[in-house]
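Take a look at the model below. This report walks through a few of its features, from a loop to the core.

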Amino acid sequence: MKAVKIAIIAGSILIVVGAIFVWENYYKSFSPEEWQMKLSEAASVGNIPLMKRAIAHGADINKFCCGRTPPLNSAAYQGRIEAVEFLISQGANVNVGDKFHATPLMEASRNGDVEIVKLLLRQGADPNAIEFMNGSSVLDWAEGKSEIIKVLKENGAVVEHPGIWEKLTGKHQ
């Protein structure tokens, strides 16, 4: 009976060691673009160990690739406050935008995540940022979320914002 237990334990250890070996070799084959994609994926699910690994392999915390948003935007959109804190601690730009300049603050505001909104504002997020696709402000993204709107206004968000053309060029159309 003891021999069977020992064999089971030894077999389990071999399976775990083998799985670790396979997992480690799996990551070794990643290209820089794949690490970048893994960073955004890890941010969206709050997988800090994988984010650390991706950054160690050269993933840029302020870049997006493959049609994805920057990692901080992904974490803010999914409500992953620990991931947001981690990325900020690693130097993530709190005003980084996706291809339409939607910022992490916009994403958190749209989802009604007060704690992430407050954190981003404390770290210098622009409460008057404008995204380029529709010319929407952070307040527009917070529509219907009174607590978020209150926090944004307390931090300098203005109701009237310039049109996108004026914001980009400084000139009226």
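Where does His101 lie? His101 sits in the loop between α5 (81-89) and α6 (104-110). Keep in mind that this is a predicted model.

The backbone at His101 deserves a look. Its phi is near 70 degrees, a positive value in a residue other than glycine. His101 counts as partly exposed because its relative accessibility is 25%, and partly exposed covers the range between under 20% (buried) and over 50% (exposed).

A positive phi also turns up after helix α2. There, Gly46 follows the helix, with phi near 75 degrees.

**Helix α2**

Helix α2 covers residues 32-45, which makes 14 residues. From the first C-alpha to the last, α2 reaches 20 Å. That is close to the 20 Å expected at 1.5 Å a residue. Several α2 residues are buried, among them Trp35, Leu39, Ala42 and Ala43. The buried residues of α2 also include Gln36, Lys38, Ser40 and Ser44.

**An aromatic pair**

How many aromatic pairs does the structure hold? The structure holds 1. Phe30 and Trp35 form this pair, and the arrangement is edge-to-face. The ring centres are 5.0 Å apart, with 65 degrees between the planes. The pair counts as edge-to-face because an angle over 60 degrees is the cut-off for that label. Phe30 is buried, at a relative accessible area of 12%. Trp35 is buried too, at 2%.

**Accessibility at a glance**

| Residue | Relative accessibility | Class |
|---|---|---|
| Phe30 | 12% | buried |
| Trp35 | 2% | buried |
| His101 | 25% | partly exposed |
| Met133 | 53% | exposed |

**The core**

In soluble globular proteins, nonpolar side chains tend to be buried together. The largest nonpolar core of this model has 40 residues. Val84, Leu87, Leu120 and Leu152 have the most contacts inside this core. Eight helices are named as suppliers of at least two residues each: α2, α3 (48-56), α4 (71-78), α5, α6, α7, α8 and α9 (146-154). Which helix gives the most to this core? Helix α7 does, with 6 residues.

**A patch on the surface**

Now move to the surface. Phe100, Phe132 and Met133 form a nonpolar patch there. Together the three have about 290 Å² of accessible area. Met133 is placed in the loop between α7 (114-122) and α8 (138-141). Met133 counts as exposed because its relative accessibility is 53%, and the cut-off for exposed is over 50%.

Technical notes:
Residues are numbered from 1 along each chain as its sequence is written. This is a predicted model: local features need pLDDT of at least 70, side-chain atom pairs count only at pLDDT 80 or more; totals for chains, interfaces and linings use all residues. Side-chain values use heavy atoms; hydrogens and water are left out. Patches are made of residues with over 30% relative accessible area and no salt bridge: like charges are joined within 9 Å, nonpolar side chains (Val, Leu, Ile, Met, Phe, Trp, Tyr) within 5 Å. Accessible areas come from the Shrake-Rupley method with a 1.4 Å probe; for residues, only the protein chains shown count as cover. A salt bridge is a side-chain nitrogen of Lys or Arg within 4 Å of a carboxyl oxygen of Asp or Glu. Helices (H or I, at least four residues) and strands (E, at least two) are DSSP runs, numbered from the N terminus. Buried means under 20% relative accessible area, exposed over 50%, partly exposed in between (1.4 Å probe, protein chains only). The expected span of a helix is 1.5 Å times one less than its number of residues. Rings of Phe, Tyr and Trp (its six-membered ring) pair if their centres lie within 6.5 Å; planes under 30 degrees apart count as stacked, over 60 as edge-to-face and the rest as tilted. A nonpolar core is a set of buried Ala, Val, Leu, Ile, Met, Phe, Trp, Tyr and Cys residues joined through side-chain atoms within 4.5 Å.
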